[in-house]
Each structure stands twice: as C-alpha cells, then as structure tokens.
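The chain itself is shown first.

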Amino acid sequence: MTEISVFLTSQPLLALFLTIAIGYLLGALSIKGLSLGSGAVLFVGLAVGAAAPKLVLPGLLGNLGLLLFLYGVGIAYGAQFFRGLTTAEGVKANLAALIAVGAALALTLASTHWLPAIDLPHALGAFAGAGTSTAALQAALAVFGTSPATGYSMAYPIGVAVPILLLGLYNAWRKPRLSSAVPASLHVEEIEVTEFYVIGMTLAEAARNLPAGIAIVAIRRGHHNLVADDSMHLERDDVLLIAGNDTTVLHDAATRFGPATPGRMLHDRKDLDYERFFISSAAIAGLQLSQLSLPAELNARILHLRRNDADLHLTPQRTLEFGDRIGVLAPRASFPALRKLFGDSVRSTGEISYLSIGVGVTLGLAFGAIHWPLPLLGDLSLGFAGLLLVALLLGRQRRTGPFQWAMPISANLVLRNFGLTLFLAVVGISSGATFAATFAESGMLYLLLGSAIVSVMVIVTMLVALLVFRLPFDSVAGIVAGATGNPAILAFANRIAPTDRPDIGYAMIFPSMTVLKILLVQLVGILAQ
C-alpha cells in the first residue's frame, strides 16, 4: 500500500469529508449546461476507495444519509404528491411515468439475457443509476451486497446527460408552446381616473373587468393614499395604483381608467408604504392566501410573494411556506404588528424541530420494518420506501398537535442535500476497490445499457404524456425530470420551459417514482432468490 492509501485508511472521517469536498468542487463544473452536482461525490468516492482498498466506513453512515434525504423529500413534497394522486392531470402524469419506469425495468431484466457479461445485481445497479435513484440503489445493496454500486456509478452520468439531451432536442425541434406565461416581478401603474364610464363604479365592479392577475391595490384621493376597499366609488381625478406581473397586460388594463401619471402616489409615502416580511410564524406557514385574514385595523394589502429566487402569482390557493417573503402595502405604523404577525425572523427560517424529526423518522422506520405477506412471494418489507411514504403523509399534514412536521425550505434543502452527499460518499468509497476492474472489463456495455434504460424512460414518458394524455410540454418536462429523478434535469427543464409547471410536475412524480423504483428492485430481488 502507498503512503496515501495507508493515511486514508487510518483516517476514515478525513477521507469521507475530503471525498465530499472534492466531489462538490468537481460537481460544480458545468460543460455546456451539464453538471453532475452532488453525483460527482460518488465518483470521487470510487477513486478514494480504489486508492485505499482497505478503507472501511460504517454502513450506518450511508443509511443515515439516505434516511435524511428521503425524509426531507417526503416533508417537502407531501402536499404536491397527494394532490397528484387526486387530480386528473396528476393521475395522467403518474400513469405516464409508471409505464415508462416499467418499460425501463423490463429492458433491464432482458439485458441480463442479451448481455451475459452483466448479471442481475449489476443490471439493477445500472437501472438505479440510469434513473439516478440512490434510494433504489440502497434497495439493491440490501439484497445483493455491494455489486449494484458498480453498475450504478457507471450509468449515473448517462442518467443525467441523456434526459437533458432528449428534452433539449425535442424543444429545439418542435418548439412547443408553453401552457402559461413566465412568472415575472411585480409591476405597478399609477393612473388618473378621467374616463367617464368608470366614474361612480365601486372598486369591486371595476376589478371584475380587469384581466386575471391585475388588481387595484390603492387609491389616492384628497392628497392621501388609501388601501383599496371594494366598496369605494371611483371619482374623477382619483389616482389608482394598479399592480400585476405582465407589464403589457397591466398597461393596457390600467389605461382603461385614464392616462398614466407616474410618481403621484409612489413619491408620497406618508400614508402608505411597502415592506417585505419573512414568514417564520408557525401560525401563518401552511395557510393558503384565501385563509390569511389581515386585521382590518392594520389597513394592509398583500401585493407580492417571493419564494427562494422566484416571484409567485398571488392566487387564493397559494400556500405560504416558511422563508417566503411577502410584500405588503400598509401604513408604516402597522409595520410592527405585521412583523409580529408574520414572524419576520431570518434565523427561524433555518431552524427545525428535532423532536418532530425524531418522531417522524421513528414512525417511518417502524412502518418500513413491517413484513407484508405476499402470495407466492413471501414477506416484503418496505424499508426506506416506508419511511418515504410516512414522510409524504406528514408533509401533507404539516402539523399534528404539538408536532410541526413542515420545515423551512432552506433547512429542508440543507438536510436532504447533506444526507444525499453522505450516502453517495459512503457508497463510492465502499465500492471503489471493485469499480476499476469491472469498468476495464465491461465499461462500454454499462454505458450502452445505461443509455438504453434512461432513453426508454424519457421517450416513453414523453410519448404517453404528450400524445396520449395531451399534457402541455412544460408539465411534461417536469414529469420527465421526476421520472428520471435528478435535480439537474429539473433545472434544465426550468430553463427551456420557464413556468411553474416543471416544478409542479416534478413534485407530483418524483416521490411516487422513488417509491416505485424501490419496490420494483425489492420485488425483483425476492423473485431472484
């Protein structure tokens, strides 16, 4: 053994975090928009494991990482997942992905007969890698030992690259129309009321004639700015503050009342001002905008909602989340009360309830440990799929008595990304000793098999969703990302279809396909024994 090998073997924690650091450094590199992200940690782990074949990390570390990842996914996407099972579009999306994943597995099993050099454990590893599903890999590892990790590591880059390539080619070839406009920043127009046919109307009557997404939010009368009230009657020389996301539609709608007079209201903030507040209150997070009732004495009006780096349309069904920034028009004297109402604490958006995590994970692991008798097949336990299912249910509930299951988005991202990174590093280091020899012997076969598996997954999903169910392309792009699983694919889908539908499609599909891949791999393992 070389000195480096001896050193790494004697310092397992150092080797683990060195793997994570170098993996993220390489994963951040982008070649024409393609990057491996956290997946690069796996390849660095393989290199470290090959360099130090006697380096051993506790398997419990990898299981802990996967546990955190799956629990975070379930909590984040629970509501969207169950909505996808109950809406017509969600059922179609899940059915399209189900057919595609089933076809990909059929090809995987057939390959063990067509390609004698690849046995079932390695083929299932390639299936998990082509679908970029670390959870499916864990299920394969539990049945077959470390062998599936080799197929996974070889197919994983293909599982990221091929969906991006196929989505990009289809978008360039067909130039499909998107179902909705791109969410944009908030814009306002200041309009003087001069048109005779609107004078005397109530604001409620005037608002009924405005396009969706356009609203009258304030009115200036007698040198004072007032929050718009539906019962107010329009008078000549009033100045209206009209808000919306689409500047063209906003201008066309606003000028129905009269000419634009910029600066009349926005330059006078003695009566009303605009402020953004962080949502950190457990009493507010989880409410829909239609359920949020601002006290009348605050004289406040919600204008804007921003989540992560995106501006969101204000719809009655929009659910408020921890860490959202909500823009409010109100007198400055109302700001302290609004700050108390919303919480407005940046620190709390990074905090999580460890009591809730402990109870939630315990319930999930206990459910996954139950053995379910299957006719002719014996007992089947859900394992980590059971944990994911329980987390999805808790994510939908958000809160049960004293338990706050929902987490701030930022905290959830940190939890599940760290968990995924930890799992990939452990798997890579544990499998590195056998990777190089297998790649030299059958590497090209794995690349071809991975390409075939993920191509079937993408093409079947698109054919069924686009041609059979007639779903819009921006939804289909998210469904493809959810079926194939990698966040890099979702990021590419958002670039070519910049609406909110790719995120919705991904949220509806990713959890169900993760559970499906785990169960299919377990079922194949039972049948093979």
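## Basis of the values

This is a predicted model, in which local features need pLDDT of at least 70 and side-chain atom pairs count only at pLDDT 80 or more, whereas totals for chains, interfaces and linings use all residues. Residues are numbered from 1 along each chain as its sequence is written, and side-chain values use heavy atoms, with hydrogens and water left out.

## Overall build

The chain has 17 helices and twelve strands, where helices (H or I, at least four residues) and strands (E, at least two) are DSSP runs numbered from the N terminus. Taken along the principal axes, the C-alpha atoms fill a box of roughly 85 × 50 × 45 Å.

Of the 529 residues, 51% count as buried; buried means under 20% relative accessible area, exposed over 50%, and partly exposed in between, with a 1.4 Å probe and protein chains only. Among contacts (heavy atoms within 4.5 Å) between residues at least 6 apart in sequence, 79% join residues at least 24 apart.

## Nonpolar cores

A nonpolar core is a set of buried Ala, Val, Leu, Ile, Met, Phe, Trp, Tyr and Cys residues joined through side-chain atoms within 4.5 Å. The largest such core holds 115 residues, of which Leu-70, Tyr-71, Phe-127, Leu-167, Ile-453 and Met-462 touch the most other members. Helix 14 (residues 409-468) gives the most to this core, with 20 residues. A second, separate core of 20 residues includes Leu-289, Leu-292, Leu-320 and Phe-322.

Leaving out residues up to four places away in sequence, Phe-127 touches Val-101, Ala-104, Leu-105, Thr-108, Ile-453, Met-457, Lys-517 and Val-521.

Two packed helices are described by the angle between their axes and the distance between the axes. Axes are lines fitted to C-alpha atoms, for helices over the stretch in contact, and angles run from 0 to 180 degrees between N-to-C directions. Angles under 35 degrees count as roughly parallel, over 145 as roughly antiparallel, 65 to 115 as roughly perpendicular and the rest as oblique.

Helix 4 (residues 59-86) and helix 17 (residues 501-528) pack at an angle of about 120°, with their axes 8 Å apart, and these two helices are therefore oblique to each other. Residues of helix 4 including Phe-69, Leu-70 and Val-73 meet residues of helix 17, among them Tyr-506, Phe-510 and Pro-511. The axes of helix 13 (residues 384-397) and helix 17 come within 9 Å and cross at roughly 160°, so helix 13 and helix 17 are roughly antiparallel to each other. Their contact is made by Ala-385, Leu-388, Leu-389 and Leu-392 of helix 13 and Pro-511, Thr-514, Val-515, Ile-518 and Leu-519 of helix 17.

## Two single residues

Phe-69 lies in helix 4 and is buried, with a relative accessible area of 11%. Apart from neighbours within four places in sequence, Phe-69 is in contact with Thr-134, Arg-416, Gly-419, Leu-420 and Phe-510. Phe-69 and Trp-114 are 45 residues apart in sequence and 35 Å apart in space, C-alpha to C-alpha.

Gly-343 is found in the loop between helix 11 (335-342) and helix 12 (354-369) and, at 30% relative accessibility, counts as partly exposed. Not counting residues up to four places away in sequence, Gly-343 touches Phe-278, Ser-280 and Ser-281. The C-alpha atoms of Gly-343 and Arg-306, 37 residues apart along the chain, are separated by 16 Å.
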